[in-house]
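Dear colleague,

Please find the structure for your review directly below. My notes on the findings follow it.

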Amino acid sequence: MSAQKPKSESQVGIGTRVVIEMHSTNGESERLAFHIVPEPAADYDAGYVGAGTPLAKALLGKYTGATVPYEMGDIESIHIIEITRPVK
């Protein structure tokens, strides 16, 4: 029996795994991948971002391919590359 692959989802929500690219004001970018989870399950170092954080709030409800304004330090925007939700 083979392992099931995650089902692709197009909208960011709690429980989704998101791959983003953060774009800075100096033209650099950084790719990150993490899960958006309820606050009690948040553990940034392990890849679990709480739904109440500014990063998660900026992404919730958005779709794959969207570029979202996000001003934090030298970051000016976030591009959503991939959204997946584990198969139950």
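Two strands are taken to pair if DSSP finds at least two bridges between them. Helices (H or I, at least four residues) and strands (E, at least two) are DSSP runs, numbered from the N terminus. The model is a predicted one, in which local features need pLDDT of at least 70 and side-chain atom pairs count only at pLDDT 80 or more, while totals for chains, interfaces and linings use all residues. Residues are numbered from 1 along each chain as its sequence is written, and side-chain values use heavy atoms, with hydrogens and water left out.

Confidence comes first. pLDDT is the predictor's confidence in each residue, from 0 to 100. The chain has an average pLDDT of 89, and 88% of the residues score at least 70. Over residues 1-9, however, pLDDT stays under 50, and the model has 14 contacts (heavy atoms within 4.5 Å) beyond four places in sequence for that segment. Where pLDDT is low, the predicted coordinates should not be read in detail.

As to the fold, the chain contains one helix and six strands, arranged along the sequence as β-β-β-β-α-β-β. Among contacts with a separation of 6 or more, 46% join residues 24 or more positions apart.

Strand pairing involves β6 in two places. β5 and β6 run antiparallel and are joined by four bridges. Within this pair, Pro69 has Ser77 of β6 as its bridge partner, and Met72 has Ile75. The hairpin has two residues between the strands, and Gly73 takes a positive phi near 60° there. β2 and β6 are also antiparallel, with eight bridges; here Val18 stands opposite Ile83 of β6.

Turning to the interior, 32% of the 88 residues count as buried, where buried means under 20% relative accessible area, exposed over 50%, and partly exposed in between (1.4 Å probe, protein chains only). A nonpolar core is a set of buried Ala, Val, Leu, Ile, Met, Phe, Trp, Tyr and Cys residues joined through side-chain atoms within 4.5 Å. The largest such core has 19 residues, and Ile20, Phe34 and Leu59 have the most contacts inside it. At least two of its residues come from each of β2 (17-24), β3 (29-37), α1 (54-59), β5 (67-72) and β6 (75-85). Ala46 counts as partly exposed because its relative accessibility is 47%.

The side chains of Glu21 and Arg31 form it (3.9 Å, N to O). Glu21 lies in strand β2 and Arg31 in strand β3, so the pair ties together parts that are 10 residues apart in sequence. Arg31 is exposed, with a relative accessible area of 54%.

With kind regards

Technical notes
A salt bridge is a side-chain nitrogen of Lys or Arg within 4 Å of a carboxyl oxygen of Asp or Glu.
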